[in-house]
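Subject: Handover of a structure and findings

Dear colleague,

Please find below the sequence and the structure that I am handing over to you. My findings follow directly after them.

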Amino acid sequence: MAKKRRMCYFAAMAVRSCRVTIQDLEGIAHTVEVTAESLYEAVAQGLAALRGNDWVAGFQDIVKVSVADVRVEHQVKLTDFTRWLERRGRSPREIIQRQKLRSILGMPAQSSM
């Protein structure tokens, strides 16, 4: 029974189609379409898609995420996202979520100590 409860605890959230817009340092907005289970996963997917692109000259601090189901738009400061990503998760779900996003961004796994 306990094993069944744990398996339900890690059930995936609904995947949503999102439009991620980031302005570069020259003020040019770049938008990509991604699918994600959370706001921060959408930010990570967008950063990963745009990073290294010759058209993108660095990033400003605000990332806009527009969710397609019922169109909702969010703005996330990259500094807040980075701080959140660097913090240690408080629950198994948060730990796994942070590991997934660090992997998307090509970052090393955070040590467990």
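Of the 113 residues of the protein, 30% count as buried. Please bear in mind that this is a predicted model. The secondary structure consists of four helices and four strands, and from the N terminus on, these elements follow the order α-β-β-α-β-β-α-α. Among the contacts with a separation of 6 or more, 49% are between residues 24 or more positions apart.

I turn now to the sheet. The four strands form an open sheet in the order β2-β1-β3-β4, with antiparallel pairing. β2 and β4 stand at its edges with a single partner strand each, so one side of each has no neighbour in the sheet. On average, neighbouring strands are turned by 25° against each other, direction ignored.

Within the sheet, β1 and β3 run antiparallel and are joined by five bridges. Val 20 has Val 65 in β3 as its bridge partner.

Two helices lie across the strands. α2 lies across β1, β2, β3 and β4 and runs at about 125° to β2. α3 lies across β3 and β4, at about 75° to β4.

Which residues of α3 are buried? They are Leu 78, Phe 81, Trp 84 and Leu 85. These residues cover an arc of only 125° around the axis, which puts them on the same side of α3. The elements that cover them include α2, β3, β4 and α4.

Helix α4 (residues 92-104) has 13 residues, and from its first C-alpha to its last it reaches 18 Å, close to the 18 Å expected at 1.5 Å a residue. Its buried residues include Arg 98, Leu 101 and Arg 102. Their arc around the axis is only 100°, which places them on the same side of α4. The buried residues of α4 pack against α2 (39-50) and α3 (78-86). After α4 comes Gly 106, whose phi is positive, near 70°.

In soluble globular proteins, nonpolar side chains tend to be buried together. The largest nonpolar core here has 23 residues, of which Val 20, Val 43 and Phe 81 touch the most other members. β1 (16-23), β2 (29-36), α2, β3 and α3 each supply at least two residues of this core. The element that gives the most to the core is α2, with six residues.

What does Phe 81 touch, not counting residues up to four places away in sequence? Its contacts are Tyr 40, Val 43, Ala 44, Leu 47, Val 76, Leu 101 and Leu 105. Val 43, one of these, is itself among the core residues that touch the most other members, and Leu 101 is one of the buried residues of α4.

Yours sincerely,
A colleague

Definitions and conventions: Residues numbered from 1 in each chain as written. Predicted model: local features only at pLDDT ≥ 70, side-chain atom pairs only at ≥ 80, totals over all residues. Heavy atoms only, no water. Expected span 1.5 Å × (residues − 1). Buried < 20%, exposed > 50% of the residue type's maximum accessible area, 1.4 Å probe, protein only. Arc of directions from axis to C-beta. Contact = heavy atoms within 4.5 Å. Core = buried A, V, L, I, M, F, W, Y, C linked by side-chain atoms within 4.5 Å. Pairing = 2+ DSSP bridges. Axes fitted to C-alpha atoms, helices over the stretch in contact; angles between N-to-C directions.
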